[in-house]
Amino acid sequence: MLNTPILAALGGMEIAVILVIVLLLFGGKKIPELMRGLGKGIKEFKDGKDGMDDAADKVEQNRSNKPL
């Protein structure tokens, strides 16, 4: 929900300027490494989020299976 207004506020010219600045700062060789690192970070975040959901489900399941 938050991403939509930010992306809507950026036009084509602004995105092009940002890409040129990133290219100047990091160079052409560093961009694939940066994108690969970004992808790994997103994957680890999603795995961690899913892992937290699974861990919470297991704890709840263990509580319901305990004899009183």
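1. The chain exposes about 6500 Å², and carbon and sulfur atoms supply 67% of this area. Accessible areas come from the Shrake-Rupley method with a 1.4 Å probe, and for residues only the protein chains shown count as cover. Of the 68 residues of the chain, 0% count as buried; buried means under 20% relative accessible area, exposed over 50%, and partly exposed in between (1.4 Å probe, protein chains only).

2. The model is predicted: local features need pLDDT of at least 70, side-chain atom pairs count only at pLDDT 80 or more, and totals for chains, interfaces and linings use all residues. Residues are numbered from 1 along each chain as its sequence is written, and side-chain values use heavy atoms, with hydrogens and water left out.

3. The secondary structure consists of two helices and zero strands. Both terms refer to DSSP runs numbered from the N terminus (helices: H or I, at least four residues; strands: E, at least two). Helix α2 comprises residues 12-65.

4. Two salt bridges are counted, a salt bridge being a side-chain nitrogen of Lys or Arg within 4 Å of a carboxyl oxygen of Asp or Glu. Lys43 pairs with Asp47, with 3.1 Å between the closest N and O atoms. These two residues are four apart in helix α2, about one turn of the helix. Lys43 is exposed, at 51% relative accessible area, whereas Asp47 is partly exposed, at 42%.

5. The other pairing joins the side chains of Lys30 and Glu33, at 4.0 Å from N to O. Lys30 and Glu33 lie about one helical turn from each other because they are three residues apart in helix α2. Lys30 is partly exposed at 45% relative accessible area, and Glu33 is likewise partly exposed at 47%.

6. A nonpolar surface patch of about 880 Å² is made by Met13, Val17, Ile21, Leu25, Phe26, Leu34, Met35, Leu38 and Ile42. Patches are made of residues with over 30% relative accessible area and no salt bridge; like charges are joined within 9 Å, and nonpolar side chains (Val, Leu, Ile, Met, Phe, Trp, Tyr) within 5 Å. Leu38, one of the contributors, is located in helix α2 and is partly exposed, with 49% relative accessibility.

7. Asp50, Asp53, Asp54, Asp57 and Glu60 form a negative surface patch. Asp and Glu count as negative and Lys and Arg as positive, while His and the chain ends are not counted; the place of a charge is NZ of Lys, CZ of Arg, CG of Asp or CD of Glu. Asp50 belongs to helix α2 and is partly exposed, at 39% relative accessibility.
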